[in-house]
Amino acid sequence: MDGAERGTVLLAHPLAIPDPDLIRAIDGGEGERLWRCAAGPLAARIDLKRLERSDLPIAEAIAGLPEEETGGEIVERPWSLVAGNAARIAEDDAFLERLGKFPSLPATAPAPFGAEGAGGAEVLGRDVRVGRDCRFEPFVLLDAREGPIRIGDRVTVEAHTVLRGPLWIRNDARVRAGARIGEGTTLGEGARVGGEVEGTLFGAFSNKQHDGFLGHAVVGEWVNLGAATNNSDLKNNYGPVRLDWGEGPAETGLLKLGCFIGDHVKTAIGTRIGTGTVIGPMANLFGGSGFVSGRVPPFTWGEEGGVYRLSEAVDTLRKAMSRRLPELERAGRPLEPTEELLRGLRELWDSIRGKRS
């Protein structure tokens with residue numbers, strides 16, 4: 001938007017999920033306005049003069065703006081991301097199609113897939129949209145009968161892979177040979193994914209290159225899951241999943257819910273992750289049993305619950321980023337850890353070390 005040129009700026013709730021009507025209203029209107037859903041304010045277009053005071057709380061800055069009810073929502077619990085992802089992929093796809101983006105490819109004409117051709121890819125359904133410079137190896141199945149498949153630019157899908165919609169694969173991702181990527185999954189930019197994945201939000205530049213099951217989970221950025229890492233997303237008694245998000249056990253009401261894995265987490269080969277496990281960022285998990293469950297604090301070092309040394313954690317972070325420089329540059333991301341990130345990690349590490357001691 002060119003709001004800044006008109007003297008206005010757009011503020012959005014960090015956990016807002018807009019609906020198409022809200023996006024159209026924001027894009028097509030002018031002047032100050034506050035858009036609100038049942039859970040609270042979603043977004044506001046506000047005069048820059050109101051924000052001149054850096055100490056002015058946002059709640060005060062938006063007070064008195066003309067209000068408009070909207071149908072969007074605010075993610076109040078993290079497991080809502082998992083439960084609603086399939087529907088959101090389909091809704092986003094339909095909205096982008098109405099805007100003239102990602103035109104559907106005929107199901108009988110897979111040839112437009114990439115400069116190297118489809119290589120024998122089979123397409124079921126018509127809601128398949130593919131970006132530029134993608135490569136599909138032989139014996140790939142794209143099944144869009146139950147929902148759309150949207151694939152970004154420079155995506156590689158290796159041989160003997162099955163992709164089922166609703167599915168969204170972002171730019172520069174790579175799906176390894178023999179993978180089965182199920183409905184309700186989003187793969188972030190630069191992700192590398194193999195094995196079986198379903199109903200999962202998988203973060204940018206994260207790796208799951210080998211066999212293993214990952215289901216109904218949220219995985220942060222720069223995560224590396226060792227070979228044969230598996231998670232459970234269903235309790236043996238078929239009861240609703242309960243998890244600890246740091247405020248004690250919470251009932252999710254969901255029968256299918258896997259795990260939540262923070263940024264820069266590493267798991268050893270053969271790691272097994274219990275239903276409803278929450279793993280904090282920068283944890284490095286390894287040990288004799290290979291089983292992880294409950295709530296794992298940030299910077300956890302091994303099964304014994306030690307604290308990962310900050311200098312070593314940051315060194316690993318730098319090495320991981322150095323391996324993805326072309327993708328980072330294309331994505332417009334920093335090529336090395338920013339001072340803001342390093343400062344935040346230091347503060348988190350200090351707090352964890354104090355609690356452990």
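Trp301 counts as partly exposed, because its relative accessible area is 34%, where buried means under 20%, exposed over 50% and partly exposed in between, with a 1.4 Å probe and protein chains only. This is a predicted model, in which local features need pLDDT of at least 70 and side-chain atom pairs count only at pLDDT 80 or more, while totals for chains, interfaces and linings use all residues. Residues are numbered from 1 along each chain as its sequence is written, and side-chain values use heavy atoms, with hydrogens and water left out.

**Aromatic contacts**

- The structure holds 4 aromatic pairs, a pair being rings of Phe, Tyr or Trp (its six-membered ring) with centres within 6.5 Å, called stacked if the planes are under 30 degrees apart, edge-to-face if over 60 and tilted for the rest.
- One of these pairs joins Trp245 and Phe260 edge-to-face, at 5.1 Å centre to centre and with 85° between the planes.
- This pair links distant parts of the chain, 15 residues apart, with Trp245 in the loop between β26 (242-244) and β27 (249-251) and Phe260 in strand β28 (residues 259-261); helices (H or I, at least four residues) and strands (E, at least two) are DSSP runs, numbered from the N terminus.
- Trp245 is partly exposed at 40% relative accessibility, whereas Phe260 is buried at 4%.
- Phe286 and Trp301 also form an edge-to-face pair, because their ring centres are 5.0 Å apart and their planes lie at 80°.
- Here too distant parts of the chain are linked, since Phe286 is in the loop between β32 (284-285) and β33 (291-292) and Trp301 is in strand β35 (residues 300-301), 15 residues apart.
- Phe286 is partly exposed at 35% relative accessibility, and Phe286, Trp301 and Tyr308 form one aromatic cluster.
- Arg150 lies over the face of Trp168, at 4.4 Å from the ring centre; a charge sits over a ring if NZ of Lys or CZ of Arg is within 6 Å of the ring centre and within 35 degrees of the ring normal.

**Pockets**

- The largest pocket holds about 1300 Å³ of space; on a 1 Å grid over the protein atoms alone, a pocket is an open set of points with protein on both sides within 12 Å along at least five of seven lines, a cavity is a set of points where a 1.4 Å probe fits but cannot get out, and lining residues have an atom within 4 Å of a point.
- Grid points are joined across faces, edges and corners, and a volume is the space filled by probe spheres set on the points.
- The largest pocket is lined by 50 residues, of which Ile17, Val75, Leu81, Asn85 and Leu201 are the closest to its centre.
- The largest share of this lining, 7 residues, comes from α4, and the lining of the largest pocket divides into 27 nonpolar, 10 polar and 13 charged residues, where Ala, Val, Leu, Ile, Met, Phe, Trp, Tyr, Cys and Pro count as nonpolar, Asp, Glu, Lys and Arg as charged, and the others, Gly among them, as polar.
- The second largest pocket has a volume of about 370 Å³, and of its 16 lining residues Glu221, Trp222, Asp263, His264 and Leu341 lie nearest its centre.
- Helix α7 (residues 339-356) supplies the largest share of the lining of the second largest pocket, 3 residues.

**Cavities**

- A search of the whole structure finds 3 cavities of 30 Å³ or more, and the largest cavity has a volume of about 40 Å³.
- The largest cavity is lined by His264, Lys266, Met282, Tyr308, Ala313, Thr316 and Leu317, with the largest share, 3 residues, coming from helix α5 (residues 310-322).

**Backbone features**

- Met282, in the loop between β31 and β32, has a positive phi of about 70° although it is not a glycine, and it is buried at 2% relative accessibility.
- Phe299, in the loop between β34 and β35, likewise has a positive phi, near 60°, and is buried at 0% relative accessibility.
- A cis peptide bond joins Gly165 and Pro166, with omega about 5°, and Pro166 is in the loop between β13 (162-164) and β14 (167-169).
- Most residues other than glycine have a negative phi, and most peptide bonds are trans.

**Cysteines**

- The count comes to 0 disulfides, a disulfide being a pair of cysteine sulfur atoms within 2.5 Å.
- Cys37 is buried with a relative accessible area of 4%, and Cys259 is buried with one of 0%.
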